[in-house]
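Me: I'd like to go through the salt bridges in this one. Can you take a look with me?

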Amino acid sequence: MKRTRVLILGAAGRDFHNFNVLYRADPQVEVIAFTAQQIPNIADRRYPPSLAGHLYPKGIAIHPEERLERLIAQHAIDRCVMAYSDVAHEDVMHLASRAGAAGADFEIIAARRTMLRTECPVVAVCATRTGAGKSQTSRAIVARLRAIGLRVGVIRHPMPYGDLERQRVQRFATAADLDEGDVTIEEREEYEPHLEMGSVVWAGVDYEPIVRLAEREADVLIWDGGNNDTSFLEASVYITIADPHRAGDELRYHPGETNLRLADVVIINKTDTADGDAVARVRENVARSNRRARVVLAASPYTADDVDVLRGRHVLAIEDGPTLTHGGMALGVASLAARDAGATLVDPRTFATGEIAETLRAWPHLGPVLPALGYGEAQVRELERTLAAAAQHGVEAVAVGTPIDLASIVRIPVPHTRVRYELRLADDAVLDEILEPVLAPLPH
């Protein structure tokens, strides 16, 4: 029988998970290749045979998505499977049109088909857009669960941008584990805050063994989502974060709208800095899309460690990279804190170098901010060179809005301070009510 020839469109995460769960052992399907988008330097490598399984003794090629039509024609592809996140609905249909015109069907896999079951209760934290506030929500949940004596395992959405075989199953418990794992800045931003709280973080490529190992060490598992992707785990409570700074996007982005419709609880975050009409608009969209979901309002207050470093100076604001780029935000908390301090924001476009400069050109919506890109050693060095150039172009101080100590990774040649932010619910008791489906079955 002829095997269905499949091309998986991805970004080094959801694509591999879909393959592992649905196709790796399916003799009726032949995955010809993956395509890669969004993340630099993840194309033109291979999904290795050790991960691909016995049906793929040579592994599977990974190509840039720009080759889509050529790959469909060259390999007589039957079906293209969409498998990455934070994409406007219109852009998803452009991909579908490209695939269809080239002769292939186009498919989006239902979220529940790839959710893994676990013996532990699970809290899934997902979002409608990148940068809505998943990480701070996860930290708040972890803090509450640990405060009542529970062992918490954090299973993080994949970010396998390096050696895929080495990254098959990753366990991080200490800062030394991060160094040994040679993680990127983006990975540190997600893992380090959890480690500082005493949690173990699990990540990697192959989530079946990851989950089985994690559930041995934990009473409760937290799915700490990436971008606006859906959960890889079946959840006892499914939480979706919505961002009123991008009101309406909860119904315009894939698969963020799916998260909205899957949610048991929708947290509308950043109400302290968003326009009231925007918050109301998000509430209306939630009510129209998912009447069973509980809606909770939250603030996301930010504070500078040393505001005097910023006061009245010419400041470079460094923000979380993915939130600014495919997340679509023009500014972040570092920019807001600097402006609150009466600082003048300096636009890095005049002195950025290499891939940093290319990124600023590729995302013209960005305000006067510097994305903290670091998907590899080359980008880290470009970031450091850009910071060195900033000191020669009138920058007197730097506000760091990433959730890690960036100065421990790159040299910042002028005074600098971190800007931190945490989730604040209107009523602390609300969190226990949200977590009741997880807490009720546990022994006390």
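Me: Which residue does Glu422 form a salt bridge with?
Reply: Glu422 pairs with Arg139, and their closest N and O atoms are 3.4 Å apart; a salt bridge here is a side-chain nitrogen of Lys or Arg within 4 Å of a carboxyl oxygen of Asp or Glu. The two lie in distant parts of the chain, 283 residues apart, with Glu422 in the loop between strand E22 (416-421) and strand E23 (424-425) and Arg139 in helix H5 (residues 134-147). Helices (H or I, at least four residues) and strands (E, at least two) are DSSP runs, numbered from the N terminus.

Me: Is Arg139 buried or exposed?
Reply: Arg139 counts as buried because its relative accessibility is 9%, whereas Glu422, at 41%, is partly exposed. Buried means under 20% relative accessible area, exposed over 50%, and partly exposed in between (1.4 Å probe, protein chains only).

Me: What sort of model is this?
Reply: This is a predicted model, in which local features need pLDDT of at least 70 and side-chain atom pairs count only at pLDDT 80 or more, while totals for chains, interfaces and linings use all residues. Residues are numbered from 1 along each chain as its sequence is written, and side-chain values use heavy atoms, with hydrogens and water left out.

Me: How far apart are Arg261 and Glu257 in helix H9?
Reply: They are 4 residues apart in helix H9 (residues 256-262), so about one helical turn separates them, and their side chains meet in a salt bridge at 2.9 Å, N to O.

Me: And how many salt bridges in the whole structure?
Reply: A search of the whole structure finds 31.
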